[in-house]
Structure formats: structure tokens, C-alpha cells
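Biologist: I am new to this structure. Could you show me how to read its salt bridges and its helix packing?

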Amino acid sequence: GTSICSSEREECEVEELLAEISGASDDAAKGEDAAGDGRAWARRGGAFQADESLDELRDRAVRMFYHGYDSYMEHAFPHDELKPLTCSFVDNFGSYALTLVDSLDTLAVLGNRSEFARGVTLISAHVSFDTNVSVSVFETNIRVLGGLLSAHELASDATLGLMPEYGGALLSLAEDLASRLLP
């Protein structure tokens with residue numbers, strides 16, 4: 001089904017890329033043309049890639065990320081996750097803006113300094129662990145605590161220049177969360 005959060009063109013791009021990726025895993029082992037478009041596929045480091053179109057695949061992956069990220073920010077922030085078929089949201093993890101926390105490292109890898117800084121500011125302003133909710137300790141550790149700590153490290157690294165004026169807010173949130181998870 002088509003999501004009301006996306007255009008038909010975006011849905012086709014996502015479906016095409018997923019088909020290429022899933023077809024590559026089966027066909028590349030046999031040395032076949034996985035995409036059916038004359039490109040040879042090779043296995044490198046556990047990932048299947050088309051030699052002639054790495055830039056093309058990278059661009060499509062970036063567009064897919066921003067499609068999901070922008071839809072989340074428009075329709076679901078500050079909640080945990082976007083429900084893409086209805087453009088509504090769900091708070092399955094404590095209402096900690098989980099998707100934004102999860103996205104900070106990707107924004108940094110993509111070099112989007114302004115959106116990374118905006119995300120850190122939004123998390124600092126909207127996320128509080130002063131709530132009485134049941135959470136999955138495992139998911140909270142790896143996704144929320146891990147996301148906060150990795151984003152803190154990225155924001156703190158002056159050589160990256162992501163946030164020259166960063167004051168450690170993500171580390172404070174991580175410390176607060178970790179202390180609440182202790183028995």
C-alpha cells in the first residue's frame with residue numbers, strides 16, 4: 001500500500017531499491033545480474049553493491065533516509081516512531097523521541113551539521129526521563145542510551161565541527177537515563 005506520507009514516485013524508488021538489494025543477495029553468489037539491468041554485482045565486506053552505480057545507490061539511500069526522517073519530523077516528533085501508513089505516531093519506547101535519537105549519528109555521517117545541531121537542541125528541550133513508564137531495558141540501553149552517548153561523542157569531537165558550542169546536554173540525559181535503569 002502507498003503511504004499518505006509519501007508520493008508514488010518515492011514509494012517506487014523505495015520498492016526498486018529494496019528489490020535490488022534482496023535480489024543481489026541471491027544472484028551475486030551465482031555471479032548473475034541481480035538487478036536485470038546489465039550491471040555486475042560484487043560482494044564486498046558483507047554488502048552487495050553494483051560496481052557501476054555506487055554513487056547512484058548512495059544517493060538513493062540518502063533520499064530514502066531523508067524521506068523517513070522528514071516524515072517523522074513532520075508527523076511524529078516528539079513521539080517515538082512514525083506510523084507511515086497513517087502518518088500518525090506511536091510511543092512504544094517511553095516517548096523519548098526515539099527516531100530522532102536514532103537518527104543523530106546518521107545526520108552526522110551525512111555531514112548535515114545544521115540538522116544534527118537542531119536535533120540535539122530538540123532532544124535537549126523535549127526529552128525527559130522523569131516519567132513512570134515500563135520500558136524494555138535492552139531496547140532502551142541500545143537505542144536510547146547508546147544513541148545519546150554516540151551523539152554526545154560526535155557533538156563533543158571538535159575535529160568534526162558538528163556543534164562548536166555543544167555543552168554536554170546529551171551526556172547529562174544519558175547519565176540520567178542510565179541511573180534510572182540501575183536496579
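Modeller: Keep in mind that this is a predicted model. Start with Arg143 and Asp102. They form a salt bridge, and their closest N and O atoms are 2.7 Å apart.

Biologist: Which parts does that pair tie together?

Modeller: Look at where each partner sits. Arg143 lies in helix H5 and Asp102 in helix H3 (residues 98-109), so the pair ties together parts that are 41 residues apart in sequence.

Biologist: What does the side chain of Glu81 meet in a salt bridge?

Modeller: It meets the side chain of Arg143, with 3.9 Å from N to O. Glu81 is in strand S3 (residues 81-83) and Arg143 in helix H5 (residues 137-156), so this pair joins parts 62 residues apart in sequence.

Biologist: Which residues are linked in a network of salt bridges?

Modeller: The network links Glu81, Asp102, Glu139 and Arg143.

Biologist: How many salt bridges does the structure hold?

Modeller: It holds 7. Another one of them pairs the side chains of Asp130 and Arg180, at 3.8 Å from N to O. Asp130 belongs to the loop between H4 and H5, and Arg180 to helix H6, so parts 50 residues apart in sequence are tied together.

Biologist: Now the helices. At what angle do H4 and H6 pack?

Modeller: Helix packing is read from the helix axes. H4 (residues 113-126) and H6 (residues 169-181) pack at about 40°, with their axes 10 Å apart. That angle makes H4 oblique to H6.

Biologist: Is the crossing left-handed or right-handed?

Modeller: H4 passes H6 in a left-handed crossing.

Biologist: Which residues in H4 and H6 meet?

Modeller: From H4 come Val120, Ile123 and Ser124. They meet Ala169, Leu170 and Leu173 in H6.

Biologist: How do the residues of this contact divide into nonpolar, polar and charged?

Modeller: In the contact of H4 with H6, 5 are nonpolar and 1 is polar, with no charged residue.

How values were computed:
Residues are numbered from 1 along each chain as its sequence is written. This is a predicted model: local features need pLDDT of at least 70, side-chain atom pairs count only at pLDDT 80 or more; totals for chains, interfaces and linings use all residues. Side-chain values use heavy atoms; hydrogens and water are left out. Axes are lines fitted to C-alpha atoms, for helices over the stretch in contact, and angles run from 0 to 180 degrees between N-to-C directions. Helices (H or I, at least four residues) and strands (E, at least two) are DSSP runs, numbered from the N terminus. Angles under 35 degrees count as roughly parallel, over 145 as roughly antiparallel, 65 to 115 as roughly perpendicular and the rest as oblique. A crossing is left-handed if the near helix is turned anticlockwise from the far one by less than a right angle, and right-handed if clockwise. Contact means heavy atoms within 4.5 Å. Ala, Val, Leu, Ile, Met, Phe, Trp, Tyr, Cys and Pro count as nonpolar, Asp, Glu, Lys and Arg as charged, and the others, Gly among them, as polar. A salt bridge is a side-chain nitrogen of Lys or Arg within 4 Å of a carboxyl oxygen of Asp or Glu.
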